[in-house]
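Here are my notes on this model. Please read them with the structure open.

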Amino acid sequence: MEKTFAIIKPDAVERNLTGKILERIESEGFRIVAMKRVLLTLADAQGFYYVHKERPFFKDLTAYMCTGPVVLIILEKEGAIKAWRELMGATNPADAEEGTIRKEFAVNLEKNSVHGSDAPETAAFEISYFFSQTEVLS
Ligand code: GDP
C-alpha cells in the first residue's frame with residue numbers, strides 16, 4: 001500500500017468544506033491513516049515549501065498557508081500518490097478537469113483548496129515533516 005500526504009488548505013477549511021473533501025477522499029477508496037487540524041506557523045510553512053523558496057510566489061504562498069487552520073492527512077491506497085493528484089486536479093482550477101476537487105472547490109491558483117505530494121520522495125519528506133511514526137495507524 002502506498003502512502004501520500006494531503007492538506008486541506010485554509011481556504012477550504014474556512015468555508016467549512018473539510019467534511020465534503022474527506023467524503024470525496026474516502027469514497028474514492030483512500031484510507032485516512034493519520035489526520036490532524038493545526039494552525040501552521042510561518043516557519044512551518046516555509047520549511048514545508050522549501051523547494052519553492054526561489055519562486056516569486058513563495059512569500060504569498062507561505063503567508064496564505066498560515067491564514068487559518070489546515071487539515072494534515074496521510075492517505076493510503078494502491079498508487080495513492082498518482083491517484084490523489086488525479087482527484088485533486090490541476091494546480092490552477094481554471095485548468096482542472098470536471099469531477100476534480102480543485103474544479104469543484106478551489107477559489108484561484110493560490111487558494112486551490114488541497115495539496116498532494118507529487119512523488120515518492122516528496123511524500124516521504126512531507127509525511128515525516130508533520131507526523132511521527134506513532135501517529136500513523138495503517
Ligand atoms: P501543486 O503541486 O499542484 O500544489 O503546485 P505547485 O507545487 O506548483 O505549487 C504549490 C502551491 O503554490 C500551489 O498549490 C498553489 O497554492 C501555489 N501556487 C502555485 N503557483 C502559484 C502562482 O503563480 N501564484 C501564487 N500566488 N501561488 C501559486
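The points below cover the ligand site and the aromatic rings.

1. Basis. This is a predicted model, with local features needing pLDDT of at least 70, side-chain atom pairs counting only at pLDDT 80 or more, and totals for chains, interfaces and linings using all residues. Residues are numbered from 1 along each chain as its sequence is written, and side-chain values use heavy atoms, with hydrogens and water left out.

2. Polar contacts (N or O pairs within 3.5 Å). The side chain of Thr-91 places an N or O atom 2.6 Å from a ligand oxygen. For Lys-9, a polar side-chain atom is 2.9 Å from an oxygen of the ligand. For Arg-102, the corresponding distance is 3.1 Å, again to a ligand oxygen.

3. Aromatic rings. Nine aromatic pairs are counted (Phe, Tyr or six-membered Trp rings, centres within 6.5 Å). Tyr-129 and Phe-130 pair edge-to-face (planes over 60 degrees apart). Their centres are 4.8 Å apart, with 90° between the planes. Ring pairs join Phe-5, Phe-48, Tyr-49, Phe-125, Tyr-129, Phe-130 and Phe-131 into a cluster.

4. Is Phe-130 buried or exposed? Phe-130 counts as buried because its relative accessibility is 12%, under the 20% cut-off (1.4 Å probe, protein chains only). Tyr-129, at 29%, is partly exposed, that is, between 20% and 50%.

Methods
A polar contact is a pair of N or O atoms within 3.5 Å; within protein, one must be able to donate a hydrogen and the other to accept it, and residues adjacent in sequence count only if both atoms are side-chain atoms. Rings of Phe, Tyr and Trp (its six-membered ring) pair if their centres lie within 6.5 Å; planes under 30 degrees apart count as stacked, over 60 as edge-to-face and the rest as tilted.
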